[in-house]
Amino acid sequence: MVEDPLATADCLQITREVGFDRLLTGGKPYTTSCPLPFQADSVRTARDVTRRTLRGWGLHDLSDDAALVVSELVTNAVRYAMYDAGRREIELLLMRVAPHVLLAVADPSDEVPRPKEPDFISENGRGLYIVETYSQCWGWDPLARGGKAVWALFRADD
């Protein structure tokens, strides 16, 4: 549930005004980006980068939930996103816009992420349900270069 809809809207508006394409180039204050190959161990790398970044920003309490969500987003990108000849990696972005942290995973697929009804017996199909449960809100934005960024927003109480 969104506790402060105006602050949430402001955070999301910043990402749309600047554009995920520019944010993914990194080098901005309170922004970390990391290219990840299309392979299973990218999930672990993404979790480690997320935890290390959030702890560096003093957001220790958020690091485990955010790492779980990033695991799901990267798993989906590795599993479902087909890469084109020019782009053979996905990208992780973490951005701090107080009082929020935005996590995004960009991949070259234009396919829209679609939540499934969770089947708690099956071993898959719960990823976006987990993202929705642990984050304040989530969504996706198309990238100008093609592909999309799937994002999750967290409220970060210092």
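At what angle do helix α4 and helix α5 pack, and how far apart are their axes? In this predicted model, in which local features need pLDDT of at least 70, side-chain atom pairs count only at pLDDT 80 or more, and totals for chains, interfaces and linings use all residues, helix α4 (residues 63-80) packs against helix α5 (residues 127-134) at about 150°, with the axes 9 Å apart. Residues are numbered from 1 along each chain as its sequence is written, and side-chain values use heavy atoms, with hydrogens and water left out.

Helices are DSSP runs of H or I of at least four residues, numbered from the N terminus. The angle makes α4 roughly antiparallel to α5, a term that applies over 145 degrees on a scale from 0 to 180 degrees between N-to-C directions. Contact (heavy atoms within 4.5 Å) is made by Asp65, Leu68, Val69, Glu72, Leu73 and Asn76 of α4 with Gly127, Leu128, Ile130, Val131 and Tyr134 of α5. These residues divide into 7 nonpolar, 2 polar and 2 charged.

Val70, which also lies in helix α4, counts as buried because its relative accessibility is 0%, the cut-off being under 20% relative accessible area with a 1.4 Å probe. Beyond its neighbours within four places in sequence, Val70 contacts Ala46, Arg47, Thr50, Leu92 and Leu103, and its C-alpha atom is separated by 7.8 Å from that of Val43, 27 residues apart along the chain.

The mean pLDDT (the predictor's confidence in each residue, from 0 to 100) is 81 for the protein chain, with 72% of residues reaching 70 or more. Confidence is highest in helix α3 (residues 42-56), at a mean of 96, and lowest in helix α1 (residues 5-18), at 59. Where pLDDT is low, the predicted coordinates should not be read in detail.

Methods:
Helices (H or I, at least four residues) and strands (E, at least two) are DSSP runs, numbered from the N terminus. Angles under 35 degrees count as roughly parallel, over 145 as roughly antiparallel, 65 to 115 as roughly perpendicular and the rest as oblique. Ala, Val, Leu, Ile, Met, Phe, Trp, Tyr, Cys and Pro count as nonpolar, Asp, Glu, Lys and Arg as charged, and the others, Gly among them, as polar. Buried means under 20% relative accessible area, exposed over 50%, partly exposed in between (1.4 Å probe, protein chains only).
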